[in-house]
Amino acid sequence: MIIVTNRIKTKLGFAERMAPAFTKPSPLQEMEGFIKVEVAITVGLTEYDEMNVNMYWDNEENFQAWKDSDIFKQAHKRPEPGSAESAEESPILGSQLIISKVAASIEAIPAK
């Protein structure tokens, strides 16, 4: 299993508003090898917000197939130049993509 983390810096006050957009029901859920998405917001920052959008996949090939898909292209489509949407200033200050291989894990033992 791999975890693909998109670490996104936003202007203050935007992470909480943006986070639900990453977990809306979508065709992503039907992609082969997709497991889940979690959005974590870093606490204690004062200059900007930071979200870690963690996508869990069976393997890197499945993730790459999603990145190459029309579903991905549609979800990441930019506004048309000259449109009202393109004139709005983006709250996103930057992002970094990190791919990690799960090497070990442990889960809670259910209470009896």
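This is a predicted model: local features need pLDDT of at least 70, side-chain atom pairs count only at pLDDT 80 or more; totals for chains, interfaces and linings use all residues.
Local features were taken at pLDDT of at least 70 and side-chain atom pairs at pLDDT 80 or more, while totals for chains, interfaces and linings use all residues. Residues are numbered from 1 along each chain as its sequence is written, and side-chain values use heavy atoms, without hydrogens and water.

The largest nonpolar core holds 17 residues; a nonpolar core is a set of buried Ala, Val, Leu, Ile, Met, Phe, Trp, Tyr and Cys residues joined through side-chain atoms within 4.5 Å. Buried denotes under 20% relative accessible area, exposed over 50%, and partly exposed in between (1.4 Å probe, protein chains only). Within this core, the most other members are touched by Leu 28, Phe 34, Met 55, Trp 57 and Trp 66. Two or more residues each are given by strand S1 (2–10), helix H1 (15–18), strand S2 (34–41), strand S3 (49–57) and helix H2 (60–67), and S3 supplies the largest share, four residues. Helices (H or I, at least four residues) and strands (E, at least two) are DSSP runs, numbered from the N terminus. Beyond its neighbours within four places in sequence, Leu 28 is in contact (heavy atoms within 4.5 Å) with Phe 34, Val 37, Met 55, Trp 57, Trp 66 and Ile 71.

Five aromatic pairs were counted. Rings of Phe, Tyr and Trp (its six-membered ring) pair if their centres lie within 6.5 Å; planes under 30 degrees apart count as stacked, over 60 as edge-to-face and the rest as tilted. Trp 57 and Phe 63 are edge-to-face, at 6.1 Å centre to centre and 65 degrees between the planes; both residues are buried. The pair of Trp 57 and Trp 66 is tilted, at 6.0 Å and 35 degrees, and these two residues are likewise buried. One aromatic cluster comprises Phe 34, Trp 57, Phe 63, Trp 66 and Phe 72.

Charges also sit over rings, by the criterion that NZ of Lys or CZ of Arg is within 6 Å of the ring centre and within 35 degrees of the ring normal. Arg 17 lies over the face of Phe 14, at 4.3 Å from the ring centre, and Lys 36 over that of Tyr 56, at 4.9 Å.

Asn 54, in strand S3, is buried, with a relative accessible area of 14%. Its side chain is joined to that of Thr 5 by a polar contact of 2.7 Å, that is, a pair of N or O atoms within 3.5 Å; within protein, one must be able to donate a hydrogen and the other to accept it, and residues adjacent in sequence count only if both atoms are side-chain atoms. Not counting residues up to four places away in sequence, Asn 54 touches Ile 3, Val 4, Thr 5, Lys 36, Val 37 and Glu 38.
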